[in-house]
Amino acid sequence: MSYVDGFVLAVPKANLDAYKEMARLGGTVWMEHGALAYVECIGDDVPYGEMTSFPRAVQAKDDEIVVFSWVVYESRQSRDAVMAKVMADERLKSDWSAMPFDGKRMIFGGFQPFIEL
């Protein structure tokens with residue numbers, strides 16, 4: 001069964017084009033190193049919930065848009081190998097302070113699917 005990394009972050013609307021450019025490069029790198037799928041989604045119907053929600057999870061501000069992304073791998077072992085290559089890839093070496101989003105408010109994690117249809 002596959003393995004999935006998931007990400008949720010808030011991107012300032014003014015930085016959306018820069019984020020999309022960064023995401024295209026990221027997708028290229030992840031796929032070259034063995035990911036099976038790489039998906040980036042812009043929030044379209046993500047209301048601010050009373051207790052929990054995507055915007056609350058990343059402390060999205062009024063001028064930010066929520067991005068939900070995931071990467072699919074063959075297995076956890078494959079994910080660990082791909083991730084090591086991705087993190088070492090010079091194309092993704094950059095200054096975190098120059099990112100088009102606040103990385104401290106990004107949430108992410110690895111997930112083991114239990115149903116795949």
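The model is predicted. The chain holds 3 helices and 4 strands, and when it is read along the sequence these elements follow the pattern β-α-β-α-β-α-β.

**Overall dimensions**
- The radius of gyration of the chain is 15 Å, which agrees with the value near 13 Å that a compact globule of 117 residues would have.
- Taken along the principal axes, the box filled by the C-alpha atoms of the chain is roughly 40 × 35 × 20 Å.

**Packing and surface**
- Of the 117 residues of the chain, 38% count as buried.
- When contacts between residues at least 6 apart in sequence are considered, 81% of them join residues at least 24 apart.
- The chain exposes about 7,600 Å², and carbon and sulfur atoms supply 57% of that area.

**Charge**

**The loop residue Gln59**
- Gln59 is found in the loop that runs between helix H2 (54-57) and strand E3 (64-73).
- The phi of Gln59 is near 50 degrees, a positive value in a residue other than glycine.
- As background to that angle, most residues other than glycine have a negative phi.
- Gln59 counts as exposed because its relative accessibility is 55%, and the cut-off for this class is over 50%.

Notes
Residues numbered from 1 in each chain as written. Predicted model: local features only at pLDDT ≥ 70, side-chain atom pairs only at ≥ 80, totals over all residues. Heavy atoms only, no water. Helix = DSSP H or I, 4+ residues; strand = E, 2+ residues; numbered from the N terminus. Buried < 20%, exposed > 50% of the residue type's maximum accessible area, 1.4 Å probe, protein only. Rg over C-alpha atoms; globule rule 2.2 N^0.38 Å. Contact = heavy atoms within 4.5 Å. Areas by Shrake-Rupley, 256 points an atom, 1.4 Å probe, with all protein chains shown as cover.
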